[in-house]
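Student: Could you take me through one part of this structure up close, and then show me how the rest is built around that part?

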Amino acid sequence: MPFRRPAPLVLETPRLALRLPEMSDHAAWARVRQAGADFLRPWEPSWSADHFTRRAFRNRVYWAQRAREDGRALAFFLIRREDNRLVGAITLDNIRRGPAQTAQVGYWIGPDHARQGYMSEALEATIRYAFAILDLSRIEAACLPENDASRGLLERAGFRLEGMAEKYLQIDGRWRDHVLYATLRGDRRDSGERP
């Protein structure tokens, strides 16, 4: 029997469609990232010299497809439904099965689209999918202690602060401490919220 790719996966929110990246997204992705460089770089690992090239983007698309097929990650682009515009991305990564049933979530949004509720919609859709469809038990997130916007987003989405990890990730070229958050499927059920 020939190998078949899984059917396209799209999560919909009131204003967004979350889907895997495609090669046709390269120009839009590069525009949002380049225009938002000063906004994004303080919160992210250093960008490689070929960050914006088609070749690097092709590797990103290939990784997203393979990671989904292998059940290791889901890398979604956030596409605004009203005009089909790319506004950011969210990734459910390091999906671990067996006794863990957990994953980590990370995200970014272009500065023109920040603080408009798009990431809240995307995070909620990703959490629901992770708990209801992927049957995960726990989703973890980490952010810089001074990233008030990200911390507020996580707390509004039901994540609880679990502690601090020293020198957790290299961000903008330096090892940085991160605050660690998590949300549990059981906590959301106890609150009466549907997964």
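Tutor: Let's start at Thr126, which is buried, with a relative accessible area of 2% (buried means under 20% relative accessible area, exposed over 50%, partly exposed in between, with a 1.4 Å probe and protein chains only). This is a predicted model, so local features need pLDDT of at least 70 and side-chain atom pairs count only at pLDDT 80 or more, while totals for chains, interfaces and linings use all residues. Residues are numbered from 1 along each chain as its sequence is written, and side-chain values use heavy atoms, leaving out hydrogens and water.

Leaving aside residues up to four places away in sequence, Thr126 touches Leu11, Leu18, Phe76, Ile90 and Leu92 (contact means heavy atoms within 4.5 Å). Thr126 itself sits in helix α4, residues 118-132 (helices are DSSP runs of H or I with at least four residues, strands are runs of E with at least two, and both are numbered from the N terminus). Most of α4 is covered, with eleven of its 15 residues buried; among them are Tyr118, Met119, Leu123, Ile127 and Phe131. The end C-alpha atoms of α4 are 21 Å apart, which agrees with the 21 Å that its 15 residues should span at 1.5 Å a residue (the expected span is 1.5 Å times one less than the number of residues).

Now for the strands on either side of α4. β5, α4 and β6 make a right-handed β-α-β unit (right-handed if, with the strands pointing away from the viewer, the path from the first strand over the helix to the second runs clockwise). β5 and β6 (residues 138-143) run parallel, joined by three bridges (two strands pair if DSSP finds at least two bridges between them). Across that pairing, Thr102 stands opposite Arg138 in β6. Thr102, in β5, is also the bridge partner of Arg96. β5 pairs with β4 in the antiparallel sense over seven bridges. These two strands, β4 and β5, form a hairpin with five residues between them, and Gly98 in the turn has a positive phi of about 70°.

Strands β3 (residues 74-80) and β4 (residues 85-96) run antiparallel, with seven bridges joining them.

Stepping back, the open sheet has eight strands in the order β1-β2-β3-β4-β5-β6-β8-β7, with mixed pairing. β1 (10-12) and β7 (160-171) stand at the edges with a single partner strand each, so one side of each has no neighbour in the sheet. From one strand to the next, the twist averages 25° (axes are lines fitted to C-alpha atoms, for helices over the stretch in contact, and angles run from 0 to 180 degrees between N-to-C directions). Helix α1 (residues 26-35) packs on the sheet, touching β3, β4 and β5, and its direction makes about 95° with that of β4.

Then there's helix α3 (residues 54-70), lying across β3 and β4 and running at about 115° to β3. Its buried residues are Ala56, Phe57, Val61, Ala64 and Ala67. Seen down the axis of α3, they fall within an arc of 145°, so they line one face of the helix (the arc is that of the directions from the helix axis to the C-beta atoms). These buried residues of α3 pack against α1 and β3.
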